[in-house]
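Please keep the sequence and the structure in view while reading.

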Amino acid sequence: MSMAAPTAVVVLDRGNNTTCTVNLHGATVVSWRVNNQEQLFVSKQALFDGKKAIRGGIPIVFPHFGPWPLGPQHGFARTSRWHLEKAPERLPSGDIEAIFVLMDSEYTHQFWKYSFRLTYRLILREKELHFNIGVYNPLGSQDTFSFTLLLHTYFKCPDVRKCQITGMHGCTFIDKTRDGAVYQEGRDVVMINEWTDRIYQNTPQEHIITNVVSGRKMRIQKFNLPDTVVWNPWEHKAKEIADFGDEEFPNMICVEAGNVSTGIILPPNTVFEASQILQVM
Ligand code: BG6
């Protein structure tokens with residue numbers, strides 16, 4: 001008798017049509033609904049084949065942000081099957097918690113020889129989603145390793161041209177659309193009117209994005225994640241992305257909290273922790 005395949009999706013359900021859905025492929029948050037209103041963008045062309053990274057939601061970038069000589073772009077965490085360590089459970093506060101884990105495996109050793117353990121704890125609150133990430137270099141491992149890390153959040157919006165992002169004023173940024181030239185942001189709020197791919201460095205703990213779904217604001221708070229990537233492929237680049245619809249670019253804004261400018265060095269038997277809180281305002 002064959003065993004049924006374990007379900008690939010885990011749902012945190014807080015009641016009142018407030019849910020968070022996590023695909024074990026990449027531990028990718030693929031939906032976050034607050035009072036039935038979806039907050040995240042997932043492309044209509046996204047593939048759920050258990051191989052490709054899911055185009056939308058919140059893929060986890062680890063252990064390498066960007067093109068990687070050793071393995072796939074943005075690392076292997078988003079293309080690995082994660083393990084559900086703690087099934088969704090209601091906390092005394094009424095909030096729902098679940099924990100996901102990724103450990104090194106034959107799959108990860110193809111690209112990266114290190115032993116590691118990644119924990120991803122989600123807490124779904126009434127209007128918030130909390131993320132806690134732990135990167136462990138286990139006791140008994142011989143090697144120090146270095147990594148970069150990022151939460152590649154795709155927010156849903158009716159029209160990206162109407163969104164404003166606060167918190168970048170005065171920050172330096174690497175502009176990937178201009179061969180990595182470095183500039184300083186002079187605007188109080190960042191707006192997007194063209195292909196945008198920037199790594200803002202040493203950004204403050206908080207950003208607010210205006211005019212996301214239902215014309216509301218989204219607050220991003222981040223801890224131990226000093227960089228903020230802002231990305232939208234716009235019309236031309238969108239056409240080059242197979243799993244992204246040609247007409248979809250106005251409906252998403254990627255504001256990605258990470259530690260990507262400099263690698264984090266982690267000796268054996270140490271841990272790196274970071275977190276993010278998303279809040280519908
Ligand atoms: C962003 C990068 O974080 O992710 C962009 O800054 C990249 O350069 C984008 O194009 C999407 O990457 P991918 O691998 O999911 O197509």
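Strands are here DSSP runs of E with at least two residues, and helices are runs of H or I with at least four, each numbered from the N terminus. On that basis Asn-36 belongs to the loop that joins strand S3 (28-34) and strand S4 (37-38). The model is predicted, and the values that follow are computed from it.

**Backbone features**

- Asn-36, in the loop between strand S3 (28-34) and strand S4 (37-38), has a positive phi of about 75° although it is not a glycine.
- The peptide bond that leads from Phe-62 to Pro-63 is cis, its omega being near 0°, and Pro-63 is found in the loop between strand S5 (60-61) and strand S6 (83-90).

**The largest pocket**

- The largest pocket has a volume of about 370 Å³, and its lining is made up of 18 residues, of which Arg-55, Gln-73, His-74, Asp-197 and Trp-231 lie nearest the centre.
- Two elements, strand S19 (227-232) and helix H2 (234-240), are those that give two or more residues to this lining.
- Sorted by class, the lining of the largest pocket comprises seven nonpolar, four polar and seven charged residues.

**The ligand and its surroundings**

- The ligand sits in the largest pocket, where the residues around the ligand are Arg-55, Phe-65, Gln-73, His-74, Arg-78, His-152, Lys-176, Asp-197, Val-229, Trp-231 and Glu-256.
- By class, this shell around the ligand holds three nonpolar, three polar and five charged residues.

**The cavity**

- The structure holds one cavity of 30 Å³ or more, and the volume of the largest cavity is about 30 Å³.
- Ala-53, Ile-54, Arg-55, Pro-59, Arg-78 and Tyr-154 line the largest cavity, a lining with four nonpolar, no polar and two charged residues.

Notes: Residues are numbered from 1 along each chain as its sequence is written. This is a predicted model: local features need pLDDT of at least 70, side-chain atom pairs count only at pLDDT 80 or more; totals for chains, interfaces and linings use all residues. Side-chain values use heavy atoms; hydrogens and water are left out. On a 1 Å grid over the protein atoms alone, a cavity is a set of points where a 1.4 Å probe fits but cannot get out, and a pocket is an open set with protein on both sides within 12 Å along at least five of seven lines; lining residues have an atom within 4 Å of a point. Grid points are joined across faces, edges and corners, and a volume is the space filled by probe spheres set on the points. Ala, Val, Leu, Ile, Met, Phe, Trp, Tyr, Cys and Pro count as nonpolar, Asp, Glu, Lys and Arg as charged, and the others, Gly among them, as polar. A residue is near a molecule or strand if one of its heavy atoms lies within 4 Å of it. A molecule sits in a cavity or pocket if more than half of its atoms lie within 2 Å of its grid points.
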